[in-house]
Amino acid sequence: MTSLFGSRSPSRFSLTLVGAAIALGSLAASADVAARELKVSTVLSDAFPWGQAAQKWADLVEERSDGELTLRVFPNSQLVSGDQTREFSAMRSGLIDLAVGSTINWSPQVPELNLFSLPFLMPDESAVDAITEGEAGELVFQAIESRGVVPLAWGENGFRQLSNSQGVIDEPADLEGLKIRVVGSPLFQDTFSALGANPTQMSWADAKPALTTGAVDGQENPLSVFDVARIDQVGQEHVTLWNYMNDPLIFAANQQVWSTLSDDEKALLRETAVEAGAWEIAMTREQESERLAAIQERGVTVTDLNEEQHEAFVAATEGVYEKWVPRIGEDLVEAARSAIDAR
């Protein structure tokens, strides 16, 4: 019996069309699987070293995966509606795939990260490296991973300095009553309260308008942020170099996303994160003296504390140190101290 089309079986032409359709469908499905895009969260844009670190990571991944894996960077905390302290929770829950995040912003969810915010723990860059590259750094990474996020590499936001609109600050008494913008970390609140200031919590998105209107008198940030954001233009005419803490950055992935990646993809993401982090750390440190000179050329008064002045701030915050060491973990803090002493 013939079919309605006048033939007992499909023609060779029909089979060819069917085969082509199946082949095209398979290619499309393969393309969907191969060309994967992951979302990367950062607080700052690529005008800043922090954002440049994320973009460098994305560029390296695209180049070495031949476009099969793409990282799309979302700066200015877009994925958490501008609330930078929610970034870790959002990544842990799966709203964010990857991030280049701040130890400060993640510390409310990972108490061990408060290690880097202990006032005056790290005197210089070699102390930072001794911590991140040693046992203490491994313990910090273990703490992060135990909370659903896979840490891959270190970056660096840099030592944080103090600026204000009222005058020179070279002793704790100069901070008495000043409203200082801080991030949403209880340790920051305790530190500035111990120094006699009035710490005012707000996101970075709200900070510059508050400085402009005089709602706050000062803020603390790395020189790179002060320079690029032109904080001198909103009344911050005085900067105190006190290196009271450093803010390492962490390249990381959501644990569930990480589990769906192949071994090759995991190796690629980790390798490129390490490379981007090392590149950003070197760049940030190399540019420090140039940024400081540029800030001074714009008429900002820069106060570099001498040893005696520095020790006065250390003494004023000893109580904060003692309060927070048990919360961070005695073993972790001791590992950090030992690493610094062994430099």
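Contact here means heavy atoms within 4.5 Å. Helices (H or I, at least four residues) and strands (E, at least two) are DSSP runs, numbered from the N terminus. This is a predicted model, in which local features need pLDDT of at least 70, side-chain atom pairs count only at pLDDT 80 or more, and totals for chains, interfaces and linings use all residues. Residues are numbered from 1 along each chain as its sequence is written, and side-chain values use heavy atoms, with hydrogens and water left out.

**Stop 1: helix 6**

Select residues 135-145. The buried residues (under 20% relative accessible area, with exposed over 50% and partly exposed in between; 1.4 Å probe, protein chains only) are Ala136, Gly137, Val140, Phe141, Ala143 and Ile144. They span an arc of only 160° around the axis, so they sit on the same side of helix 6. That arc is taken from the directions from the helix axis to the C-beta atoms. Now show what this side packs against: helix 3 (87-93), helix 5, strand 4 (149-164), strand 9 and helix 15 (330-341). Turn to the face away from the buried side to find the exposed Glu135, Glu138 and Gln142.

**Stop 2: proline 248**

Go to strand 9 (residues 246-254), which holds proline 248. Its relative accessibility is 1%, so proline 248 counts as buried. Beyond neighbours within four places in sequence, its contacts include Phe116, Val128 and Trp154. Draw a C-alpha distance from proline 248 to isoleucine 104: 8.5 Å, across 144 residues of chain.

**Stop 3: serine 117**

Select serine 117, in the loop between helix 4 (103-106) and helix 5 (125-132). It counts as buried because its relative accessibility is 2%.

**Stop 4: an aromatic cluster**

Select Phe120, Phe188, Phe192, Trp242, Tyr244 and Phe313, which form one aromatic cluster. Rings of Phe, Tyr and Trp (its six-membered ring) pair if their centres lie within 6.5 Å; planes under 30 degrees apart are stacked, over 60 edge-to-face, the rest tilted. The whole structure has eleven aromatic pairs. Zoom in on phenylalanine 192 and tyrosine 244: their ring centres are 5.9 Å apart and their planes at 80°, so this pair is edge-to-face. Phenylalanine 192 is in helix 7 (residues 186-194) and tyrosine 244 in the loop between strand 8 (238-241) and strand 9, so the pair ties together parts 52 residues apart in sequence. Both residues are buried.

**Stop 5: charges over rings**

A charge sits over a ring if NZ of Lys or CZ of Arg is within 6 Å of the ring centre and within 35 degrees of the ring normal. Select lysine 56, over the face of tryptophan 279 at 5.1 Å from the ring centre. Finish at arginine 327, over the face of tryptophan 324 at 4.6 Å from the ring centre.
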